[in-house]
Each structure stands twice: as structure tokens, then as C-alpha cells.
Amino acid sequence: MAGRVFFFLQHATYEPAFQAATMGITAAAMGDEVYFVFAFDALRQLVGGAYGQPSSAREHEEFARAESLGVLAPPDMLAEARTLGARLIACDTTVRICGYEPESLEGTLDEVMGMASIWRLTAGARVLTL
């Protein structure tokens, strides 16, 4: 039974990015309506092209192991999830707090919307925070 799933993303290093991306792409492939909501560090790293990059020695090892296993990097999984209908969004206020203008994020995000709209979309959804 398909449903709606929200991943609220605040952290951007390899481990949380991998967790969100792998669960999100799986949910999208299984027919769920998937939203990745980016905020703060996750938003800044996504905009800067560094989302999902390892930040510690352990994460560098994990990243290398994943590559050797043929596992996609988190940004590649997000791109694939988008082809399956997943949406990358952010709250208008958070975007502005992070120093961006919403229109400058077209293409990076699918939509910038108010928190009231995001909140309404979460009704009846599964919600995970990372």
C-alpha cells in the first residue's frame, strides 16, 4: 500500500545522507510519494554540491567500501529517486535564513514552500528526521 513519506534532513555528511537517500529511493521505487525536506547544513551542502560527502575517517572508509560494492553515492541516489517521482523541497523561511533566495534554488530543489504547506502535506505521512 503506497503512502507518503517525508525525510526531514538537517545533517549532510555521508552516514545520514546515505540513510535518507537509500530509504527514499526504496520508498519511491515501491510507489510511495517521497519528499526530502532540506534544512540548514543539508541545504547548504546540497546547494554547494557537497551533500553526502564523508567528513570523518570512518565515513571515508564507509564511502570507499560502498563504492567498491557498486553502491551509489547519496547525491546519485537522490537523482535516481527524483526520476521515480521523489521531490526535493525546502521551507521558504529556512532557505532565507541560510542566505538564499528561493528562485536561485530552481533546479537544485523541486520547490520552496511555506512551512504551513509542508506541515499540511505531512498529514497521514510517515516522517523521518536525519
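How many bridges join strand β1 to strand β2? Six of them do, linking residues 4-9 of β1 with residues 33-38 of β2. Keep in mind as you browse these views that the model is predicted.

**View 1. Strands β1 and β2 run side by side.** The two strands are parallel. For a landmark, find L9, which stands opposite F38 in β2.

**View 2. Five strands make up an open sheet.** Reading across the sheet, the order is β4-β3-β2-β1-β5, with parallel pairing. The edges belong to β4 (111-113) and β5 (126-129). Each of these has a single partner strand, so one of its sides is left without a neighbour in the sheet. From one strand to the next, the twist averages 25 degrees. As a reminder, strands of a sheet pair through backbone hydrogen bonds, either parallel or antiparallel.

**View 3. Helix α1 packs with helix α4.** Two packed helices are described by the angle between their axes and the distance between the axes. Here α1 and α4 (residues 74-83) meet at an angle of about 20 degrees, and their axes are 9 Å apart. Angles under 35 degrees count as roughly parallel, and α1 and α4 are therefore roughly parallel to each other. The crossing of α1 past α4 is left-handed. On the α1 side, look for Y14, A17, F18, A21, T22, I25 and A28. Their counterparts in α4 are P74, M77, L78, E80 and A81. Sorted by class, this contact has ten nonpolar residues, one polar and one charged.

**View 4. Helix α1 also meets helix α3.** What angle do the axes of α1 and α3 (residues 57-68) make where they cross? They cross at roughly 40 degrees and come within 10 Å. The two helices are therefore oblique to each other. From α1, the residues in this contact are Y14, E15 and P16; from α3, they are R58, E59, E62, F63 and A66. By class, the contact of α1 with α3 divides into four nonpolar, no polar and four charged residues.

Notes. Residues are numbered from 1 along each chain as its sequence is written. This is a predicted model: local features need pLDDT of at least 70, side-chain atom pairs count only at pLDDT 80 or more; totals for chains, interfaces and linings use all residues. Side-chain values use heavy atoms; hydrogens and water are left out. Two strands pair if DSSP finds at least two bridges between them. Helices (H or I, at least four residues) and strands (E, at least two) are DSSP runs, numbered from the N terminus. Axes are lines fitted to C-alpha atoms, for helices over the stretch in contact, and angles run from 0 to 180 degrees between N-to-C directions. Angles under 35 degrees count as roughly parallel, over 145 as roughly antiparallel, 65 to 115 as roughly perpendicular and the rest as oblique. A crossing is left-handed if the near helix is turned anticlockwise from the far one by less than a right angle, and right-handed if clockwise. Contact means heavy atoms within 4.5 Å. Ala, Val, Leu, Ile, Met, Phe, Trp, Tyr, Cys and Pro count as nonpolar, Asp, Glu, Lys and Arg as charged, and the others, Gly among them, as polar.
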